[in-house]
Structure formats: structure tokens, C-alpha cells
Amino acid sequence: MLISCENLSVSYEKHIAVENVSFHIDDGDYLCIVGENGSGKSTLMKAMLGLLPLKSGKISFNGITLKDIGYLPQQTQIQRDFPASVFEVVLSGCLSRRGIMPFFTKSDKLFACEKLERLGISELRYHSYRELSGGQQQRVLLARALCATERLIFLDEPVSGLDPIVTAEMYDIIRTLNQKDGITVVMVSHDVPGIISNASKILHMDTRLLFFGSSSEYMLTPLGKKMLGGASHD
Amino acid sequence: MIEFFVTLFSYEFIVRAVVVGALISLCSSLLGVSLVLKRYSMIGDGLSHVGFGSLSVAMAAGLAPLQVSIPVVVFTAFMLLRLSESGKLKGDAAIAMISSSALAFGVVVTSLSSGMNTDVFGYMFGSILAVTRDDVTVCVSLSVIVLLLYILFYNKIFAVTFDESFAKATGTRVDIYNMLIALLTSVTIVVGMQIMGAMLISSLIIFPALTSMRIFRSFRKVVICAAILSVVCFFTGILLSFAFSMPAGASIVLVNLGAFLIFAVIGRLFSPDSRA
Ligand SMILES: Nc1ncnc2c1ncn2[C@@H]1O[C@H](COP(=O)(O)OP(=O)(O)O)[C@@H](O)[C@H]1O
Ligand SMILES: [Mg+2]
């Protein structure tokens with residue numbers, strides 16, 4: 001068990017966003033956190049990463065630290081007009097491994113190039129991050145996350161706003177990372193039909209936990225059937 | 001023309017002013033890139049007013065100005081950082097409140113104790129030619145420390161400026177680097193106030209960053225361009241001020257404004273291809 005979460009509750013001021021949620025993540029899992037908009041998915045992920053304080057509950061990391069984690073945040077406004085080249089963004093993912101050393105080494109740079117290659121964006125290396133398409137930006141952020149880790153990545157809605165073809169490519173990449181490279185994936189999504197065949201586990205929440213278990217079990221529950229059936233209409 | 005320069009730089013006080021001013025411009029512009037990108041440009045303005053308030057109080061009480069001001073401004077910077085992080089008070093409202101109170105406080109204390117004397121006037125509008133030899137030592141050492149720390153922590157400053165959540169989530173001590181930025185900014189502002197004045201130091205922070213962002217699209221290029229621009233604008237401004245006997249601080253700001261307009265036009269003309 002890599003991470004176990006017991007009875008997590010997180011609130012903003014008085015508003016409770018996550019209430020009494022328990023689950024665990026095993027090595028090699030592909031865990032999808034699903035639920036409506038505003039159901040607390042991002043909040044739960046941020047709390048696990050130590051970006052938000054817990055109101056109550058306990059998170060234990062077994063054999064890993066934050067430095068072994070890569071993260072692809074839900075995009076914020078501030079990044080959109082930031083002057084940064086693709087390579088600068090991706091390389092910044094190597095920072096956690098640098099420790100107190102001030103400058104990136106040759107091997108950091110090679111590592112970053114390798115990730116660019118891996119995600120098929122080598123030719124964008126010197127381009128400006130803010131002038132890329134949404135799909136390219138997400139790949140850049142994924143490459144940065146991969147620079148930070150070879151074990152565990154947290155992805156918050158990596159396909160939101162992407163067209164169906166780019167979405168499918170993104171899902172393929174993530175599946176390969178999980179299956180071939182053995183990277184544990186924790187992904188927030190509200191696209192249940194799109195991820196159900198890839199994910200090994202589903203966590204469905206609406207502030208409280210509605211379901212946690214394997215995706216095959218989930219498909220058999222009334223909740224899972226509703227999500228799969230309901231969403232295929234749009 | 002050449003004679004004019006030679007005469008100018010034969011005065012020791014002018015050489016002192018130019019050296020100190022160029023270093024302050026350099027430090028301000030580097031930090032300015034992060035402050036502007038983090039939407040903290042108001043903090044520079046607020047801190048300079050707090051600096052003014054604390055300098056006035058220090059002088060009224062007969063204390064050493066820098067030794068009082070630096071800690072007060074650093075403390076204010078940390079406090080503003082806290083406030084804007086916790087989201088308890090809307091950042092810019094808090095800054096406006098603190099900065100105008102500090103300004104009022106400084107003015108009242110000064111007028112009660114001694115009337116608006118020239119020193120205080122100097123801190124408000126800059127008194128570049130009044131830089132003493134001791135000031136030079138302090139300014140040069142502090143600027144060099146700020147520059148070295150900036151270079152040493154450049155990669156961390158980038159990470160914290162670009163995406164604080166990612167940096168924090170992957171185990172970087174974001175709070176430390178935010179405090180470092182606040183600390184360096186505070187020191188630069190207090191030291192720079194002697195040269196540029198409380199009213200103008202914030203423009204030294206904001207202008208070069210905004211200007212170079214008109215054209216450049218990678219962080220490193222923006223930082224380097226801002227650094228060069230700040231020094232060039234400083235020299236141009238100060239020469240103009242000597243040539244036409246205008247106030248130094250205001251001339252430098254106007255030159256910065258000119259550079260901004262030129263860069264804005266160039267940025268428009270050569271509309272961005274996607275190269276960084
Ligand atoms: N910074 C914040 N301050 C106050 N409330 C917030 C904040 N972020 C999210 N919320 C609220 O918390 C709830 C959960 O939000 P979030 O975790 O972002 O949902 P999701 O990612 O599932 O769409 C929502 O009701 C949202 O309005
Ligand atoms: Mg979300």
C-alpha cells in the first residue's frame with residue numbers, strides 16, 4: 001500500500017468540501033476519482049498533496065515522500081499568460097530531485113529531453129508555453145510531472161477542454177505510463193465512459209464517498225450504470 | 001557632448017550615484033519579474049510606502065534609518081504574504097490600506113517632530129546626488145547579496161513563480177522561497193528608496209518586467225532583458241536629468257515609460273510567432 005487515507009475531511013472556511021473519505025492506493029494502481037463538478041475531487045487531491053490542510057483524518061505515505069510524486073494541476077489562470085518556454089516548464093519538474101543544489105545538471109536536461117521525446121513534443125522545446133494549444137500544454141505539464149517522478153503521478157482533469165481525438169491520445173499515453181512503465185496513476189475526471197476501461201479502481205465521491213473499489217465492480221453498481229449510461233447521451 | 005560626460009563623471013558624487021543607482025535598478029528589475037507574474041506588483045508599491053513611514057519615524061526618533069526600516073519592511077512583506085496566502089483579506093485591498101496608513105503615519109510623525117525636513121523629502125522623491133560614501137558601501141554590499149541569492153535560487157524562483165502548487169506538491173519548500181522573494185524585495189526597496197524615492201521605486205520594479213514581456217516569451221529571456229533594460233534606462237534617465245536639469249527619479253521613470261511604449265509597438269508589429 002503506497003498511500004492510505006482514513007476518514008479525510010477538508011473544508012474551506014465553514015464549507016465542507018470533502019467529508020469522511022477513506023481509501024488507499026496500491027503500487028501500480030490506476031485510480032480514477034470521479035464525480036460531478038464541485039463534488040470535491042480537486043480538493044481531495046490537493047489535500048493528499050499537502051496543498052490544503054486536513055480538517056480531520058489521516059494520510060499515511062508508505063515508502064514514498066512528496067519528492068516521489070508528479071502532479072498535473074487543474075489549469076489555473078496565472079499560467080496562461082506566463083512567459084516561459086516549454087523546456088523551462090518541463091525542466092522545472094526536476095527541481096525536487098535537485099535538493100539544495102542550485103543549478104540543473106546535464107543529466108537533468110537529458111532527462112527532460114527524454115520526457116519531451118516520450119510525449120512527442122520534442123519539436124516544441126523552444127516554443128512559448130502560452131502559445132501552445134490546450135492539448136500541447138497538457139502534454140507539457142505531463143512531461144513536467146514525469147520529470148518529478150518515476151513512481152506516482154496525480155493528474156487533475158488532464159483532458160478537460162481537449163477535443164475527442166486529443167483526449168484519446170492523452171488517455172493512451174497515461175495508460176502506457178501505467179502499464180508499461182509501472183507508474184501509479186491517480187487521476188481526477190468526470191468522464192466516466194472515457195476512463196472506465198483504463199482505470200483499475202474507481203473512487204466516486206460527492207463530498208462524501210459514494211463508491212470505492214475496482215472498476216469492474218463499479219460498472220455493476222446502480223451508480224456506475226447511471227454514470228456510464230447517462231453520460232453516453234452527450 | 002563627450003566633454004559633458006567627462007566633466008560629469010569627474011565628480012565623485014555623481015559616480016557614486018550612478019554605481020548605486022545601476023545596482024538598485026538591476027536588483028529591482030530581477031525581482032520585478034516574479035512580482036509582476038505573481039500579481040504582487042502592488043506589494044512593491046505598498047512596501048515602499050511602509051518604508052517611507054518607518055524611515056520618517058526612525059529619523060524623528062533619531063535612530064539609524066536603514067537599520068529600522070529594513071526589519072519593519074521585511075516584517076510587513078511577510079505579513080502581506082501570509083494574508084494573501086490565507087485569503088483572509090483580499091490582497092490588494094490589504095496593501096492599499098497598509099500603504100496609505102504607513103504614508104500618513106510617516107507624514108504626521110515628521111510634521112509633529114521637525115516639520116517636513118529635507119531628508120524626509122529626499123526619501124519621498126529621491127535624492128540621488130546625496131548618496132554618501134557610507135551609503136555606497138551599504139548599497140553595494142546589499143545589492144551584491146541580493147544578486148547572488150537571486151542567481152543561486154533562480155531555478156527555484158522560476159518554479160515558485162510559474163506554479164506554486166506543483167512546486168509544493170512535489171516537495172519544494174515553497175514558503176521558504178516566497179519568503180526569500182519577499183526578503184530580497186524588501187531590502188531592495190528600502191535601499192532603493194534613498195536613490196529613487198518611495199514614490200518611484202515601485203516603477204523600477206514593475207516597468208522593466210512589463211516592458212520585456214512585450215517581446216520575449218521565455219522566462220530567462222524576460223529576466224535578462226529586464227535586467228539590461230533597467231540599467232540602460234537608468235543611465236539614459238540620469239544623463240537626461242543632468243543634461244536638462246530635471247529630477248533624476250522622474251526622468252528615469254519617463255525613460256522606462258518610453259522603453260515600454262517602444263517595446264509594446266515592436267511586440268505588436270512583429271506579432272508573436274510561437275518561438276520562445
Ligand atoms: N479555494 C476555495 N475556496 C472556497 N471554496 C472552494 C475553493 N475551492 C473549491 N471550493 C468549493 O469546494 C467544493 C469542491 O470543489 P472542487 O474540489 O474544486 O470540486 P471538483 O474538483 O470536484 O470540481 C465546491 O463547492 C467549490 O465551490
Ligand atoms: Mg476540480
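Let's start at ligand 1, where a backbone N or O atom of Gly38(A) sits 2.7 Å from one of the ligand's oxygen atoms. That is a polar contact, meaning a pair of N or O atoms within 3.5 Å; within protein, one must be able to donate a hydrogen and the other to accept it, and residues adjacent in sequence count only if both atoms are side-chain atoms. Before going on, note that this is a predicted model, in which local features need pLDDT of at least 70 and side-chain atom pairs count only at pLDDT 80 or more, while totals for chains, interfaces and linings use all residues. Residues are numbered from 1 along each chain as its sequence is written, chains are lettered from A and ligands numbered from 1 in the order in which they are written, and side-chain values use heavy atoms, with hydrogens and water left out.

Side chains reach ligand 1 as well. A polar side-chain atom of Thr43(A) is 2.4 Å from a ligand oxygen, and a side-chain N or O atom of His15(A) is 3.2 Å from an oxygen of ligand 1. On its own, ligand 1 has 560 Å² of accessible area (Shrake-Rupley method, 1.4 Å probe), and the protein covers 59% of this. Two elements of chain A, β2 (15–25) and α1, each give two or more residues to the shell, and α1(A) has the largest share, with 3 residues. Helices here are DSSP runs (H or I) of at least four residues and strands (E) of at least two, numbered from the N terminus.

Next comes the magnesium ion, ligand 2. Its protein donors are Ser42(A), through OG, and Gln74(A), through OE1, at 2.0 to 2.3 Å. Donors are N, O and S atoms within 2.8 Å of the metal (3.2 Å for Na, K and Ca); water is not among the atoms, so sites may look incomplete. Because Ser42(A) belongs to helix α1 (residues 41–48) and Gln74(A) to the loop between β5 (69–72) and α2 (77–80) of chain A, the pair ties together parts 32 residues apart in sequence. Ser42(A) is buried at 16% relative accessibility, whereas Gln74(A) is partly exposed at 34%; buried means under 20% relative accessible area, exposed over 50%, and partly exposed in between (1.4 Å probe, protein chains only).

Finally, how many disulfides are there over all chains? The count is 0, a disulfide being a pair of cysteine sulfur atoms within 2.5 Å. Cys147(A) is buried at 1%, and its sulfur is 3.9 Å from the closest cysteine sulfur, in Cys94(A), too far for a bond.
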